[in-house]
Amino acid sequence: MAEHYQQQQRQQSQQGQPLSHQVVKAATAVTAGGSLLVLSGLTSAGTVVALALATPLLVIFSPVLVPAAITVCLLLTGFVASGGFGAAGLTVFMWMYRYMTGQKPPGAEQLEQARSKLAGKAREMKDRAEHFGQQQTGS
């Protein structure tokens, strides 16, 4: 029902427009669509021609190009990884500096909780070991 109502409103609004406006809209749409279609065809044809011309060169030079491409990819991967590890290391050092100076960086509270839990377990294990040692020497 709502679709029928919207369709009637569109028809009325289009009928309310002068014929010249409708013709201009249609001409603009056809011109824009046609232009984009022509550009798409030219791009596709240019790609096919370029590939046809480049294929023999790629086949001839592939013993050189393939190892060179692999080397370039490995170098780029190494530089990106190096930069990422450097940024991560710098972030860790900044966090440690803030933690040591008492600025309470994000996650400091969780670290304190983990530290206290670990210290509690260490004390518990020490007490158990002493108790076990006393049992062994007492028997």
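1. A search of the whole predicted structure finds one aromatic pair, where rings of Phe, Tyr and Trp (its six-membered ring) pair if their centres lie within 6.5 Å. The ring centres of tryptophan 95 and tyrosine 99 are 5.2 Å apart with their planes at 5 degrees, so the pair is stacked (planes under 30 degrees apart count as stacked, over 60 as edge-to-face and the rest as tilted).

2. Tryptophan 95 and tyrosine 99 lie four residues apart in helix H2, and are therefore separated by about one helical turn. Tyrosine 99 counts as buried at 15% relative accessibility, whereas tryptophan 95, at 25%, is partly exposed (buried means under 20% relative accessible area, exposed over 50%, partly exposed in between, with a 1.4 Å probe and protein chains only).

3. The secondary structure comes to three helices and zero strands, with helices (H or I, at least four residues) and strands (E, at least two) taken as DSSP runs numbered from the N terminus. Of the 139 residues of the protein, 2% count as buried.

4. Leucine 58 is also found in helix H2, which spans residues 19-100, and it counts as partly exposed because its relative accessibility is 46%.

5. This is a predicted model, in which local features need pLDDT of at least 70 and side-chain atom pairs count only at pLDDT 80 or more, while totals for chains, interfaces and linings use all residues. Residues are numbered from 1 along each chain as its sequence is written, and side-chain values use heavy atoms, with hydrogens and water left out.
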